[in-house]
Amino acid sequence: MTFSDLEIITPILKAIEDKGYKNPTPIQAEAIPTLLEGKDLLGCAQTGTGKTAAFVVPLLQKLFLTKSNKKGKRMLKALIISPTRELAIQINDNITNYSKYTGSKSIVIYGGIRQHKQTSALRNGADILVATPGRLLDLIVQGYVRLNKIEYFVLDEADQMLDMGFIHDIKKIITKLPTKRQSLFFSATMPEAIIELSKQILGSPKRVTIEPEKTTAEKVSQYLYYVSKSDKVDLLKYLINKKRKKSTLVFSRTKHGADRIVRFLKKSNIKSEAIHGNKSQNSRQKTLQRFKKNKFPVLVATDIAARGIDVSKLSLVINYDIPNVPETYIHRIGRTGRAQEVGEAITFCSSSETNFLKNIQKLINQQIQIISDHPFHNQKNIDIVEKRKNKKNKKKSRFSASKIRSAKEQGDNLKLESKKRSSKKFNFKRRFKRKKN
């Protein structure tokens, strides 16, 4: 199947072809025809499967086919809500790419920066508004945003909205929308709370669920390098030089750690930059854009970027520090191996991180392949893991043995008690018989 088989109009089809896309992903093939028919949609698909185009393309087509020739300020017709600034900007970039021949105009608003530029853009008018919940509610209260003319509403990454505590904001926003509208609801997972929320937003939706051929953990090649904490930076330099042609995303647990990694790499003439919470939003976006354009090969980030970065052809993720929350590992390695691409993830493990590693391997239900053929291999870490494992097994076996002994002793005690009771009963009967006589 090609995009032209989906009855997409020529201006949008041309923009898609400019991006080099020919065949729709499964979520696009299922969602686009449904949305062009005007139906509500409940979509479940993992990140990196092409969800953005699945709702942006039909949205742009409907706006183009129903646009008015009246002159004057544009009224907001479509609202897309995203949980993070990075994702909101990414969605807006995609809208800009797909709408370049249709004339549709979009605005993105998010917190963390001054609102002046955003309010100025809103005064000039637009067709589509992409927003994070907090900033949207602020601007609604201030009177800069009115949602009474919205015809198309999209809630993206709903499960993350729930995780980040935006559920009450979303419910407030929904009350501001017209009841007559087309609604689209996308989520990577469908827990009960998400299904309940979708019932408040959607009418009689068509449900589209795209099961991944492989999970992120299966799709991405994963490797484990045991290394002492002091040798991590040297191992990082060694691997970057070895895989020189690969664009690399390095994850650090802390902001200061990310800056320190960049300084170390610069001393070795390896170009790199960092993005984290201490950097301004504009600075982070500029850095990310430069990385996407291959201006430098290594981006160092904290987990602020774990779900927000979407870089096509990102071939390598390195967990310089192992995350203490196992699910974060999945989000990190999911930055590579996007859509149909292959990816590689490397994790450094020092002796203090073996428990984090154990929890991750339990979550993904697989043992990460150990690479020992490198100059900084630290056998001590493997020995620590093995020692803990053996200690745990011994403890288990001791516990089982003591359990058996305890059960046996308990059984013997019960038998003894039973004999005593029987003996007492017999003696009582004998005494009673004598008295009677």
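Here is a short tour, in questions and answers, of a predicted model.

Visitor: In what order do the strands of the open sheet that holds β1 stand?
Guide: This open sheet is formed by 7 strands. The pairing is parallel. Neighbouring strands are turned by 10° against each other on average, direction ignored. The order is β3-β4-β2-β5-β6-β1-β7.

Visitor: Which strands stand at the edges of that sheet?
Guide: An edge strand here has a single partner strand. One side of each is therefore left without a neighbour in the sheet. The two are β3 (106-109) and β7 (206-209).

Visitor: Which residue of β6 is the bridge partner of Leu-155?
Guide: Strand β5 covers residues 152-155, and strand β6 covers residues 182-187. The two pair in the parallel sense over 4 bridges. In β6, the partner of Leu-155 is Phe-185.

Visitor: What angle does the direction of α9 make with that of β6?
Guide: Helix α9 packs on the sheet. There α9 touches β1 (41-44), β5 and β6. The angle between the directions of α9 and β6 is about 170°.

Visitor: Are the residues on the two faces of β1 buried or exposed?
Guide: In a regular strand the side chains alternate between the two faces of the sheet. In β1, Leu-41 and Gly-43 lie on one side. Leu-42 and Cys-44 lie on the other. Both faces are covered, and these residues are all buried.

Visitor: Which residue of β7 is the bridge partner of Gly-43?
Guide: β1 pairs with β6 in the parallel sense over 4 bridges. There, Cys-44 has Ser-187 of β6 as its bridge partner. β1 also pairs with β7 in the parallel sense over 4 bridges. On the β7 side, the partner of Gly-43 is Val-208.

Visitor: How are α8 and α9 set against each other, roughly parallel or roughly perpendicular?
Guide: Two packed helices are described by the angle between their axes and the distance between the axes. For α8 (residues 167-175) and α9 (residues 192-201), the axes come within 11 Å and cross at roughly 15°. Angles under 35 degrees count as roughly parallel. So α8 and α9 are roughly parallel to each other.

Visitor: How many residues of the contact of α8 with α9 are nonpolar?
Guide: From α8 come Ile-167, Ile-170, Lys-171 and Ile-174, and from α9 come Leu-197, Gln-200 and Ile-201. Of these, 1 is polar and 1 is charged. The nonpolar residues number 5.

Visitor: How are α4 and α13 set against each other, oblique or roughly parallel?
Guide: Helix α4 spans residues 85-98, and helix α13 spans residues 281-292. Their axes are 12 Å apart, at an angle of about 55°. The crossing of α4 and α13 is right-handed. The two helices are therefore oblique to each other.

Visitor: How many residues of the contact of α4 with α13 are charged?
Guide: On the α4 side are Arg-85, Glu-86, Ile-89 and Asp-93. They meet Gln-281, Arg-284, Gln-285 and Gln-289 in α13. This contact holds 1 nonpolar residue and 3 polar ones. The charged residues number 4.

Visitor: How far apart in space are Ile-113 and Ser-280?
Guide: Ile-113 sits in the loop between β3 and α5 (116-124). At 23% relative accessibility, Ile-113 counts as partly exposed. Not counting residues up to four places away in sequence, Ile-113 touches Gln-118, Arg-135 and Gln-281. Ile-113 and Ser-280 are 167 residues apart in sequence, but C-alpha to C-alpha the separation is 7.8 Å.

Visitor: Is Thr-248 buried or exposed?
Guide: Thr-248 is found in strand β9. Among the residues Thr-248 touches are Phe-291, Leu-314 and Ile-318. Buried means under 20% relative accessible area. Thr-248 has 1%, so this residue is buried.

Key. Residues numbered from 1 in each chain as written. Predicted model: local features only at pLDDT ≥ 70, side-chain atom pairs only at ≥ 80, totals over all residues. Heavy atoms only, no water. Axes fitted to C-alpha atoms, helices over the stretch in contact; angles between N-to-C directions. Parallel < 35°, antiparallel > 145°, perpendicular 65-115°, else oblique. Contact = heavy atoms within 4.5 Å. Nonpolar A, V, L, I, M, F, W, Y, C, P; charged D, E, K, R; others polar. Left-handed = near helix turned anticlockwise from the far one by under 90°. Pairing = 2+ DSSP bridges. Buried < 20%, exposed > 50% of the residue type's maximum accessible area, 1.4 Å probe, protein only.
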